[in-house]
Amino acid sequence: MANKDSVRYTVLFATAVCVVCALLVSVAAVTLAPTQEAKARQYMQKNVLLAAGLVTPDSQASDAEQRKLFESRISVRLVDFAAGTLVPADRLDAATYDQRRARNDPATSRAAPSNRAGIARLPTYGVVYFVKPEGGTGPAEQVVLAIEGLAMWGTVYGFIALAPDGNTVQGLAFYEQKETPGLGGEIGNPKWQALWRGRKGYDEQWQPKLAVIKGPAGPPQSDPHRIDGMSGATITSNAITRLVQFWLSDDGYGRWLKNFRKGGAS
């Protein structure tokens, strides 16, 4: 009979427990991975719908209803940032493309050009969501672009929706951020996000111009490029300005948006 008080028995018992626990954790991780990925994709889809104004923040629609709405109204494609063109639909599956994963893979990304948005690497391809009319026929009513950048406490991730002119903001949604609640965290407040609607992304020379200012801005008709700042959150406000301008520039979606405005990239 084994001596349960011996050092050898204690070591063997502890090792066996560790092996069993490790196996259980591994099996759980593998088993739950598809479910977790599906949930993450569903959450992203919901925020695309929010940016496009197809659902509201207080919507009571079920997950199944939101998925059906996304599938009926949204067409997902990939943009080649350097070329400013759409990637052929049969080259990559845009619906399952993970832009953040691609950004972190040296094989599918490159060092980002010098920028003030805190973006170190840029994926070769970016996701663009075309919002189709009800019924699914006709030109896109708006396009939704994925945006990200470094703020005060970490990277913020979101979507910005533009009208067919590739300039007028239709909506905004940030789905992941670590900013201070009540201060920079107000970027997640639907009331603040609503202030972006009707603003213009570019000036008359087609340079990115949107900026979050200190204090109140005027209405979109008379003050099209500025958005109210958030009290006590100057660093976050400046960060949002920098990241939005980056993704609207030629380093981000800017080259493709030029083609889109001409009707050659939809």
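What is the volume of the second largest pocket? In this predicted model, the second largest pocket has a volume of about 320 Å³.

**The second largest pocket.** Select Leu50, Pro57, Leu172, Pro190 and Gln193, which lie nearest the centre of this pocket among its 17 lining residues. Then display α1, β8 and α4 (190-194), each of which supplies at least two residues of the lining. Coloured by class, the lining of the second largest pocket shows nine nonpolar, six polar and two charged residues.

**The largest pocket.** The lining of the largest pocket comprises 16 nonpolar, four polar and seven charged residues.

**The sheet.** Now show the strands in the order β2-β1-β5-β6-β7-β8, which form an open sheet of six strands with antiparallel pairing. β2 (85-86) and β8 are at the edges with a single partner strand each, so one side of each has no neighbour in the sheet. Select Asp80 and find Thr85 of β2 opposite.

**Helices on the sheet.** Finally, select helix α2 (residues 63-73), which lies across β1 and β5 and runs at about 60 degrees to β1. Helix α5 (residues 234-248) also packs on the sheet, where α5 touches β6, β7 and β8. The direction of α5 makes about 130 degrees with that of β6.

Key
Residues are numbered from 1 along each chain as its sequence is written. This is a predicted model: local features need pLDDT of at least 70, side-chain atom pairs count only at pLDDT 80 or more; totals for chains, interfaces and linings use all residues. Side-chain values use heavy atoms; hydrogens and water are left out. Ala, Val, Leu, Ile, Met, Phe, Trp, Tyr, Cys and Pro count as nonpolar, Asp, Glu, Lys and Arg as charged, and the others, Gly among them, as polar. On a 1 Å grid over the protein atoms alone, a cavity is a set of points where a 1.4 Å probe fits but cannot get out, and a pocket is an open set with protein on both sides within 12 Å along at least five of seven lines; lining residues have an atom within 4 Å of a point. Grid points are joined across faces, edges and corners, and a volume is the space filled by probe spheres set on the points. Helices (H or I, at least four residues) and strands (E, at least two) are DSSP runs, numbered from the N terminus. Two strands pair if DSSP finds at least two bridges between them. Contact means heavy atoms within 4.5 Å. Axes are lines fitted to C-alpha atoms, for helices over the stretch in contact, and angles run from 0 to 180 degrees between N-to-C directions.
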